[in-house]
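Student: I have a model open and I'd like to learn how to read it. Can you take me through it feature by feature?

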Amino acid sequence: MKLEIIVRIHDDKNIHGDKPRYIDVSKKHLIVGCLSSLINSANLLNTEISFIILNDHCTQDSILKIHDIFRYSKHSYQIIDLETRGFNYSGLKQFEYCKNSTADLVYSVEDDYLHCTEALQEMLLSYQYLKSHYNLQKELCLFPFDNPEDYVPHQIYPGRTFRTPTRHWREGIWTTFTMMTSPKVFRDYWSIFDVEHNLLDSKGN
């Protein structure tokens, strides 16, 4: 089992405007926290793992800190500087790397998610267990964030709950750009992930 973790990073302004984050720290701190938590989680695994960091014009200070924390990673990494600035462009590039990956699984991650130490182990075990023990008849995509907004009364929707040996997973109808799945999903459903094309369509072009 080979896993490729594809993270896009941007340490400037919040694209969501003044909406407060769940963790009220600077974006630079969040990026370091996100990558550190992923490194700690990946270091527990003997699975073949590689990191691809898509850099959306971060400051040099952030890049130096990233190189520093990856000194503690037992897995390989590379930082790729994106040519064009912006959320939609970086999202498209992230999905393209997922689509073209040769790994068994890809984990597309945004830079403001913190992971508990056992997160990647749990996700890999759950993915394999759900694929082998349930007749899902559909592709499997894991979104590891238990979003508080899903429990707002007018946003609650019916869905199945699946049990693995260590936890439960709830069926969802949406995800952010953070998800673990097979590269085949990106290839088979590329028209959904093609951010640039979808934006043009929404504008009537």
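**Reading the model**

Tutor: Let's start with burial: of the 205 residues in the protein, buried ones make up 43%. Buried means under 20% relative accessible area, exposed means over 50%, and partly exposed is in between (1.4 Å probe, protein chains only). This is a predicted model, where local features need pLDDT of at least 70, side-chain atom pairs count only at pLDDT 80 or more, and totals for chains, interfaces and linings use all residues. Residues are numbered from 1 along each chain as its sequence is written, and side-chain values use heavy atoms, with hydrogens and water left out.

Student: What pattern does the protein follow along the sequence?

Tutor: Helices (H or I, at least four residues) and strands (E, at least two) are DSSP runs, numbered from the N terminus. Here there are 7 helices and 7 strands, and they run β-α-β-α-β-α-β-α-β-β-β-α-α-α.

Student: How much of the contact set with a separation of 6 or more comes from residues 24 or more positions apart?

Tutor: A contact means heavy atoms within 4.5 Å. In this protein, the share is 78%.

Student: Next, lysine 27. Is it buried or exposed?

Tutor: Lysine 27 is buried, because its relative accessible area is 13%. It lies in helix 1, residues 27–42.

Student: Which side chain does the lysine 27 side chain make a polar contact with?

Tutor: A polar contact is a pair of N or O atoms within 3.5 Å; within protein, one must be able to donate a hydrogen and the other to accept it, and residues adjacent in sequence count only if both atoms are side-chain atoms. For lysine 27, the partner is the side chain of aspartate 111, at 3.0 Å. A polar atom of the lysine 27 side chain also lies 2.7 Å from the backbone oxygen of histidine 10.

Student: How many disulfides are there?

Tutor: A disulfide is a pair of cysteine sulfur atoms within 2.5 Å. By that rule the count is 0. Take cysteine 98: its closest cysteine sulfur, in cysteine 141, is 9.8 Å away, so that is too far for a bond. Cysteine 98 is buried, at 0% relative accessible area, and cysteine 58 counts as buried too, at 12%.

Student: What about backbone angles? What is the phi of histidine 57?

Tutor: In general, most residues other than glycine have a negative phi. Histidine 57 is not a glycine, yet its phi is positive, about 60°. You'll find histidine 57 in the loop between strand 2 (48–55) and helix 2 (60–69). At 28% relative accessibility, histidine 57 counts as partly exposed.
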